Amino acid sequence: MQILFIHPNYPAQFGPMLQRLSKRDDVDCVFVTKNVSGIRDGVRCIKYETKGGATKDTHYCSRTFENAVWHAHGVYETCETQADLKPDLIVGHSGFGTTVFLSELYESPIINLFEFYYRPHGSDLDFRPDFPTQKINYLRSHTRNAMILLDLETCAAGYAPTAWQWSLLPDLWQPKVEVIHDGIDMNFWRRRDIARRIGNEDIPENTRIVTYVSRGLESMRGFDIFVRVANRIAAEMPNVLFVVVGADKTHYGNDLNHIQAKTFREHVLLKEKPDLSRFRFLGVISREQLADIFSLSDLHIFLTVPFVLSWSVLNAMACECVIVGSDTPPVLEVIRDGDNGLLANFFDVDGLAAHALRVLKAPQDYRALGERARALIQERYSLDVTFPKMWSLFKRALAAPPASKNFSSQ
């Protein structure tokens with residue numbers, strides 16, 4: 001069986017799945033992407049190019065769709081030139097639009113990952129009144145779903161990583177989409193017995209380590225809230241080190257419209273004035289380094305507005321981190337307050353800090369939270385659990401009649 005994966009970035013969300021599929025003798029995995037080519041981890045990667053995209057003259061509300069069409073056309077043209085590319089199944093990430101034209105090239109069923117369906121209200125856009133969204137962004141949220149709706153029509157089936165992310169989809173299309181997470185490699189993401197060292201720095205045994213991890217240090221992942229909490233902790237405990245992982249940039253949201261500094265990190269540090277000698281900013285690090293950082297963590301703080309659930313919090317849970325998090329969806333799906341972590345309101349700096357201080361003053365009393373966090377990941381999100389569900393979805397899509405463009409698991 002040949003399975004064609006498509007995403008602008010390799011391996012993206014398909015990495016865990018490819019770990020299993022690339023080892024099977026009966027499956028040939030091919031990945032069409034923008035960022036790599038050649039053989040990667042046993043997967044043949046083919047590079048596509050986009051020949052255009054949205055410009056400043058393109059209406060702001062339709063730029064996402066314009067870019068997605070160019071991606072879709074680039075993928076189509078690249079696949080058309082590959083004579084040996086005859087996929088039995090196509091798997092792509094909805095929103096980028098990369099698969100929407102392939103029904104004209106192949107008879108193969110298409111399965112799409114539906115990660116986020118944009119909503120103008122009651123979601124990420126209006127969650128933070130301290131960073132108000134411009135009116136045009138509320139309008140754009142409607143049109144940002146254009147390619148996602150085309151994918152819902154074109155695909156044979158789909159999946160979403162969490163129940164909350166699935167619930168954002170229109171009622172009409174929900175029966176076509178299943179809740180299946182990408183999967184966590186429990187053999188890799190585990191607590192390791194390692195030296196207490198960060199980079200070249202040895203960390204004393206009596207020093208508590210608080211970790212914060214985000215793709216970017218931005219308001220949607222509560223970086224400013226984290227620094228305020230850290231200040232409260234630092235004022236009461238002199239033996240705490242704050243280890244921050246993430247790029248000094250904004251990937252989501254509209255932070256830069258509300259600040260004068262070049263980055264949100266710079267803005268927060270200027271405003272909150274933390275003692276930087278207590279912080280270690282590691283930037284973007286490898287997954288091996290991240291697993292080591294989680295293994296040293298006495299407390300992990302995870303904050304998010306209602307948005308896509310970060311892989312990092314699940315990886316931290318798999319590494320038995322004791323987590324203090326925001327009681328926002330979809331965090332509430334994975335952390336049960338007082339059972340496998342501690343939760344407080346996203347904006348409740350005092351409440352978050354109080355939780356953190358209790359853990360840091362007696363970490364041995366809270367180790368069971370981390371152990372139960374790993375148990376939940378093992379039970380619901382490990383590759384051993386999610387891959388069979390994904391494989392079942394693939395087989396049902398393949399078994400559907402070729403003419404059926406609207407395969408449903410129901």
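**Entry 1: helices α9 and α12**

I began with helix α9 (residues 311-318) and α12, whose axes come within 7 Å and cross at roughly 115°. I took axes as lines fitted to C-alpha atoms, for helices over the stretch in contact, with angles from 0 to 180 degrees between N-to-C directions. Helices here are DSSP runs (H or I, at least four residues), strands are runs of E of at least two, and both are numbered from the N terminus. This is a predicted model, where local features need pLDDT of at least 70, side-chain atom pairs count only at pLDDT 80 or more, and totals for chains, interfaces and linings use all residues. Residues are numbered from 1 along each chain as its sequence is written, and side-chain values use heavy atoms, with hydrogens and water left out.

Which residues of α9 and α12 meet? I found Leu314, Met317 and Ala318 on the α9 side, and Gly370, Ala373, Arg374, Leu376 and Ile377 on the α12 side; contact means heavy atoms within 4.5 Å. They divide into six nonpolar, one polar and one charged.

**Entry 2: Ala373**

I stayed with Ala373 of helix α12. Ala373 is buried, with a relative accessible area of 0%; buried means under 20%, exposed over 50%, and partly exposed in between, using a 1.4 Å probe and protein chains only. Setting aside neighbours within four places in sequence, I see Ala373 in contact with Met317, Cys321 and Asn340.

**Entry 3: helices α12 and α13**

Next I followed α12 (residues 367-380) to α13 (residues 383-399): their axes come within 5 Å and cross at roughly 20°. α12 and α13 are therefore roughly parallel to each other (under 35 degrees; over 145 is roughly antiparallel, 65 to 115 roughly perpendicular, the rest oblique). Gln378, Glu379 and Arg380 of α12 make the contact with Asp384, Val385 and Thr386 of α13. I sorted these residues into one nonpolar, two polar and three charged.

**Entry 4: rings**

Then I looked at the aromatic pairs. Rings of Phe, Tyr and Trp (its six-membered ring) pair if their centres lie within 6.5 Å; planes under 30 degrees apart are stacked, over 60 edge-to-face, and the rest tilted. By this rule I get 24 aromatic pairs. Phe5 and Phe31 have ring centres 6.3 Å apart and planes at 15°, so the pair is stacked. Phe5 is in strand β1 (residues 2-6) and Phe31 in strand β2 (residues 28-33), so the pair ties together parts 26 residues apart in sequence. Both Phe5 and Phe31 are buried. For Phe116 and Tyr118, the centres are 5.2 Å apart and the planes at 85°, so I noted this pair as edge-to-face.

I also looked for charges over rings, meaning NZ of Lys or CZ of Arg within 6 Å of the ring centre and within 35 degrees of the ring normal. Arg24 lies over the face of Trp391, at 4.3 Å from the ring centre.

Most residues other than glycine have a negative phi, and most peptide bonds are trans. Where are the cis bonds I noted? One joins Tyr10 and Pro11, with omega about -5°, and another joins Pro329 and Pro330, with omega about 0°. Lys273, not a glycine, has a positive phi of about 50°. I found Lys273 in the loop between α7 (264-272) and β13 (279-283); Lys273 is exposed, with a relative accessible area of 63%.

Note on methods. Ala, Val, Leu, Ile, Met, Phe, Trp, Tyr, Cys and Pro count as nonpolar, Asp, Glu, Lys and Arg as charged, and the others, Gly among them, as polar.
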